[in-house]
Every structure is written in C-alpha cells, then in structure tokens.
Amino acid sequence: MKQVAFYQLTPSETEEHFLNIVFRFQVVNSGNIKLQLPIWRPGRYQAQHFSKNIPQVRAFDETGDEIKLNKKGTSAWEFQGKEGQNVEVRYAYYAQQADAGGCVSNQEMLYVNFITCLMFVSGQEEIPCEVKVDIPKAWKVSTSLKEKKSGLWSAATYRELVDSTFMANEEIFQHHWELGDVHFWAEGIGPSPVFQVKLLEAYRKISAFQLEWMKHFPVSEYRFQHWIKEEAFYHGVEHRSSTMMVLGPPDRDLYDDLIGLASHELFHVWNIATIRPKELWPYQYAEEVYFPTAWFVEGVTTYLGDWFLVASGVYQKEEYLASLLGNLKLHFERDGASKQSLIESSIDLWLDGYGKAIPGKRVSIYYKGAIVALAMDLMIRKKFEHRKSIRDVMVLMNDRFGIKQQGYALADVYQVVEEVYEASLTNFWHLWVEGNDPLEGPLNELLDFVGLKLESSDRGLLLNQLSEDLNLDCQHWLQGLIK
C-alpha cells in the first residue's frame, strides 16, 4: 500500500485562534516511531520552536485506544509502533502569529504556514501528503498546492507541503498572467486600490526580466501572495512556488515596498529554493543548521532584488541610486565598525536572531552581503568592460548546483566567482567576506568605475555623481546591458 500522510485542519469553534489538527499515517516498520514538529523554517535561520503553540498531543490506534506518547525534547514525541498500524494524532495549534511566517485563524481569515504546525514521522519526509482544510464554502483560497478535490489539497512530499502556504478569506483579489509556459498570479487580502494596474504591471516587468536574466525558471507556477493589514507592517517570506508579503497600513502608498519585496522574494526561487548551500540540502527541520554562506543567500538577493527594479525599467535611475544609498547607509552608519565577518554573522543568526545583537558585534548578511554582491558585479564588469557581470556567476551557480540539485560550499562560491573573473580573488575574499576591515575606500575604487562616490557629510553618507550626467559605464550597469 502506498504511504500517504493525511492532515485535517479545522478552526476551533470553542477556542479562539486555535486550529484543531488531525494527522493520520500508517506505521511502516515496527519499533520506535518519532513524531517531529519543525523547530525552524527555511528563510529564517533561527530556532523558533513552533511547538510552544501546542498545549497537548494525543495519539490513537485504529480501534480508538490511546497510544502512550513520550515527549522527547521540545518538539518531538515517540511511541512504540507496529508495522501496518494506523495511527491518528490529534492536537490543537494556537494560530495567532500575524506575520508572513506564522499562522492566523479567526472569523475573517485563515492563513497557514504548514511548516509551523504540521508534524511528520521522522524519516518519512518524502512520502505524499494530503491536506483537508475546513473553511466556509463561500471562501476563496490562495495556495500553491494542487486541489485534488473540493476541500482537499495534495503535495508530492512533506517537503513540498511545508514549502507552501494556505490563505482563505471571503474575498481574495486574483490576477493572472503568463510568461511563456510559466503561470503567475498576484493574489491577496486587502483593499482593492492597493492592487492597482501600476503595481501589477511592475510585477510583470520584474518577473519577465528575472526569467530572461537567469535563462531557466525552476517552477511552472508562481504566486505573489499579499495580506494588507490595517497597522504598519513589513514582512515577506520566500517559498519555491510563491511568496507571502504582509504590509500595511493601506492608507499609505505601499507601491515601492511591494515591488522591492516582490523582486527580492522572487529571486529566492533561484537563490535558496534551487541554488542551495550543501548544509541545507535537504532541509533538516529538527535541528539548527549552521552554514557560512547565508550572506550569499541574502546579500546577493538583496542587491539584485533592488537592481532588477531599475534594470527592468520599473525604477528610474535616480530612484535606484537613492535605494542603493539607503542600503549602504544601513551598513556603514550602523554596522561599519562591527567586529564580525560576514561568515561569522551568517552563523550567528542562529544565536542572535534577527533583532539587535550586542553593540559592535554583528554585521547584516543582507546589507553588507549586498555590498559584497555590488562589489563583485562592478569588479567583473570593470575587468571585462561589461561583457561579463554577476549574471554569469548566478547562471553558472544555477547550472552547476541548482539544476543538478546539489548543494554548494563556501569554496564553491569562491571558485565560481573566480572562474567568471578568470583570476584568483584571495585578497578580495579576505577583505570583503572573511574580515571586518572598513570598506569605504575599496568600495569607492569600484564606484569610481561607474562615476559614483560615497562621501560623508553633515547629513550622513551621500552617493554623489562625479559628473553631471551618468557616465556610459553607469548606464550599462543600471540598464543591465552586456556588450
């Protein structure tokens, strides 16, 4: 009999914000069976211990007799199972984490990040899964999962299931377009004026440019999912076939935030969901996974996510340079004198989380990482007079690791960049990635190539043009041109 893991999610009628969850499976081999809930989710490299939202777990066999569970650690439960035994696990999950990475259950909506609330049998992450979600018949749904029949969705594996989200509401905005064989959707909850023609056209331009730039798109369908909240908010989470973006309030202009976040999260389809560090291939949900290349995952994506806006024609050059200055200020004015290297800070995300660390310790893998990506791009463009760029690096990383579904190491990143550059970059890596020396001087040497200079003033850092008009090299760079 083919193994299938079955889940049923039902909003509680008696306890506000709770989801009642049923998990059914069949024991494959007799012996110790371990039920595991993930302790972290891809995209946020920090143990969050979602099991804190579960007050009790109970299990029963096919006769209705209760199975004794032994709690093992914070997020695992064990029992002695018999081959062929049908098991039903029941628990409630407190769904009141109202951001892009959590779960929310109330009378107005249901939003589920499956990785936060669905446990699995350890060692069975590759079996097919089915999910039944009990919602009002009139509600609409946004999810990347396939609907097998009304109210029942399926995934090829647990890994696919928990790389998906589920959003349901009485009204969901939906817009669809195609790029070749790829289907795109922009979907969301919130006031319809937010999803204006200008925003949707920007999404089309950004996605078209990225697909052409990378030459290969790993999935056949992709969804930009939105939840526009009444309060001030800004959060996005990447998935292989979708992104969830939570922003607000709707009475401010959300356009710039939305296009920037959408561009960033879309590129993660390649740079983490497909091109992935070896430590994360496959994901180990039950333990902290340290890897020294988080700066490459987030820094390159931060740099390119913004650069795609100008290269695709969504941003004017002046808008992009203002955005670039904002990112530069976030590093140089806040973390420029920090003690850690990018490699150390990549690992210490698991230690410090995403809030403030102690003063002078950590650098941002997003903003310093983006500066390294900018430096790589300009360095390659300068040497090869725009015949090559960071595009060659990412396409080669995709060919060598992403398409082949092989994880890469830090040494592989170095090797690929050096292969594109056609020379050793030992000193570059030592200064920009492995060290903590100030980077204003080295960065200005590269910015000079495109007629820009980073300077201090009474108003803080400024990114000034060396001449009244942007030079030709700057135009090539901002337009994404290759000679």
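**Exercise 1. Work out how strand β10 is joined to strand β16, and which sheet the two belong to.**

Solution. Begin with the pair itself: strand β10 (residues 109-113) and strand β16 (residues 165-169) run antiparallel and are joined by five bridges, where two strands count as paired if DSSP finds at least two bridges between them. Helices (H or I, at least four residues) and strands (E, at least two) are DSSP runs, numbered from the N terminus. This is a predicted model, in which local features need pLDDT of at least 70 and side-chain atom pairs count only at pLDDT 80 or more, while totals for chains, interfaces and linings use all residues. Residues are numbered from 1 along each chain as its sequence is written, and side-chain values use heavy atoms, with hydrogens and water left out.

Then widen the view to the open sheet, in which four strands follow the order β9-β10-β16-β13 with antiparallel pairing. Its edge strands are β9 (104-105) and β13 (140-143), each of which pairs on one side only.

**Exercise 2. Describe the surroundings of strand β21, and decide whether its residues are buried or exposed.**

Solution. First look at the partners. Strand β19 (residues 221-228) runs parallel to β21 and is joined to it by six bridges, with Phe224 standing opposite Thr243. Strand β20 (residues 233-238) pairs with β21 in the antiparallel sense, also over six bridges, and here Gly236 has Met245 as its bridge partner. Three residues lie between β20 and β21, which form a hairpin.

Then turn to the cover. In β21 (residues 242-248), seven of seven residues are buried, where buried means under 20% relative accessible area, exposed over 50%, and partly exposed in between (1.4 Å probe, protein chains only). Ser242, Met244, Val246 and Gly248 point one way, whereas Thr243, Met245 and Leu247 point the other way, and all are buried.

**Exercise 3. Find what lines the largest pocket.**

Solution. Start from the term: on a 1 Å grid over the protein atoms alone, a pocket is an open set of points where a 1.4 Å probe fits, with protein on both sides within 12 Å along at least five of seven lines, and lining residues have an atom within 4 Å of a point. The largest pocket has a volume of about 1,100 Å³, the volume being the space filled by probe spheres set on the points, which are joined across faces, edges and corners. Of its 42 lining residues, Arg334, Tyr354, Ser364, Tyr366 and Tyr367 are the closest to the centre. The elements giving two or more residues are β20, α4 (255-267), α5 (294-311) and α6 (317-332), and α4 gives the most, with six residues.
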